[in-house]
Amino acid sequence: MNRVALITGATRGIGRSIAMQLGKSGYIVVVNGTKQVLIDEVVREIRQAGGEALGYAANVADPVAVTAMVDEVIARYGRIEVLIANAGILQDQKCQRMTDEQWKTVLDVHLNGTYYSIQRVLPHMRETGGDILLMTSAAGLAGSVGQVNYSAAKAGILGMMWTLAAELKRDQIRVNAISPAALTDMTRPIIDHLREKHASRNEPLPDFWRIGDPEDIASFVTALLRESDADLTGEIFAVNGSKVTKWEKPAPAFSENSIEAFFAAWHLQKGSE
């Protein structure tokens with residue numbers, strides 16, 4: 001049987017590209033979003049390309065809506081073997097000026113929405129095994145000025161991923177995270193601003209900000225799902241164009257047996273950098 005893949009935030013950008021590519025690769029694709037007209041458009045394109053797709057409008061920040069969505073998918077297909085938690089929004093602001101609503105909204109969609117999706121799918125995925133792919137970001141790996149809400153959510157997703165990778169391995173469920181770099185509706189304003197900023201200084205855009213396309217992320221996701229190694233879990237993959245980088249889980253840098261020795265080592269290390 002073809003695997004059933006539920007993709008949240010699948011109507012634009014990376015989510016849409018993943019939905020289209022998995023549809024062409026023989027998956028039954030469940031297209032999630034919040035706008036029915038956009039959902040219907042992606043479902044129609046998948047079907048026109050010869051694939052099978054179902055659309056469902058639900059805000060992943062609403063646990064009741066997520067429960068109803070998963071229940072409908074199970075009623076229709078009886079299983080969900082792949083969950084790709086991709087839904088996300090941006091509400092960028094420096095911390096001092098950030099409103100409580102901006103903080104809460106971003107965490108609700110990225111962090112809580114990811115949790116609700118996983119928690120509702122798990123009882124069914126445990127019967128078949130499967131893959132859970134979570135979307136993190138360079139902001140979650142290293143921080144990002146003006147994105148304290150987004151950075152916190154994406155870092156939280158990593159903690160979720162490491163915990164669940166260990167927790168679910170016995171159930172043949174792999175849990176991995178992808179840190180994508182792609183030009184989308186979310187990232188384009190940032191890239192355009194940086195291009196203008198560097199152009200005004202007659203400087204080239206740094207290589208760090210030269211990013212690939214959503215289709216590159218979709219190609220990696222498709223290849224990752226094809227890999228059958230049960231040990232391929234608990235990993236972070238940064239994908240930018242054709243370049244794939246594996247990030248390591250944080251590990252202790254150094255330790256000393258007294259406070260004085262610790263700060264002496266700290267200053268010594270800082271001086272050597």
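Select helix 1 (residues 13-24) and helix 8 (residues 214-226): their axes are 8 Å apart and the helices pack at an angle of about 50°. Axes here are lines fitted to C-alpha atoms, for helices over the stretch in contact, with angles running from 0 to 180 degrees between N-to-C directions. Helices (H or I, at least four residues) and strands (E, at least two) are DSSP runs, numbered from the N terminus.

Before you click further: this is a predicted model, where local features need pLDDT of at least 70 and side-chain atom pairs count only at pLDDT 80 or more, while totals for chains, interfaces and linings use all residues. Residues are numbered from 1 along each chain as its sequence is written, and side-chain values use heavy atoms, with hydrogens and water left out.

Now show side chains. On the helix 1 side, pick Gly13, Ile14, Ser17, Ile18, Gln21 and Leu22; they meet Pro214, Glu215, Ile217, Ala218, Ser219, Val221, Thr222 and Leu225 of helix 8, where contact means heavy atoms within 4.5 Å. Colour that contact by class and you get eight nonpolar, five polar and one charged residues. Nonpolar covers Ala, Val, Leu, Ile, Met, Phe, Trp, Tyr, Cys and Pro, charged covers Asp, Glu, Lys and Arg, and the others, Gly among them, are polar.

Look for Arg16, Ala19, Met20 and Gly23 on helix 1, touching Glu41, Val42, Glu45 and Ile46 on helix 2.

Next, helix 4 (residues 100-125) with helix 6 (residues 148-168): the axes come within 8 Å and cross at roughly 15°. Helix 4 and helix 6 are therefore roughly parallel to each other. Among the contact residues are Trp103, Leu107 and Tyr115 of helix 4, plus Tyr150, Ile157 and Met160 of helix 6. By class, this contact has 15 nonpolar, five polar and one charged residues.

A cavity is a set of points on a 1 Å grid, over the protein atoms alone, where a 1.4 Å probe fits but cannot get out; a pocket is an open set with protein on both sides within 12 Å along at least five of seven lines, and lining residues have an atom within 4 Å of a point. Which residues line the largest cavity? Select Thr8, Val60, Ala85, Ala87, Val109, His110, Gly113, Thr114 and Ser117. Helix 4 gives the largest share of that lining, five residues.

Last stop: the second largest pocket. Centre on Gly130, Asp131, Gln172, Arg174 and Ser228, the closest to its centre of the 15 lining residues. Strand 5 (130-135) and strand 6 (173-181) each supply at least two residues of the lining. Its classes are three nonpolar, six polar and six charged.

Terms used: Angles under 35 degrees count as roughly parallel, over 145 as roughly antiparallel, 65 to 115 as roughly perpendicular and the rest as oblique.
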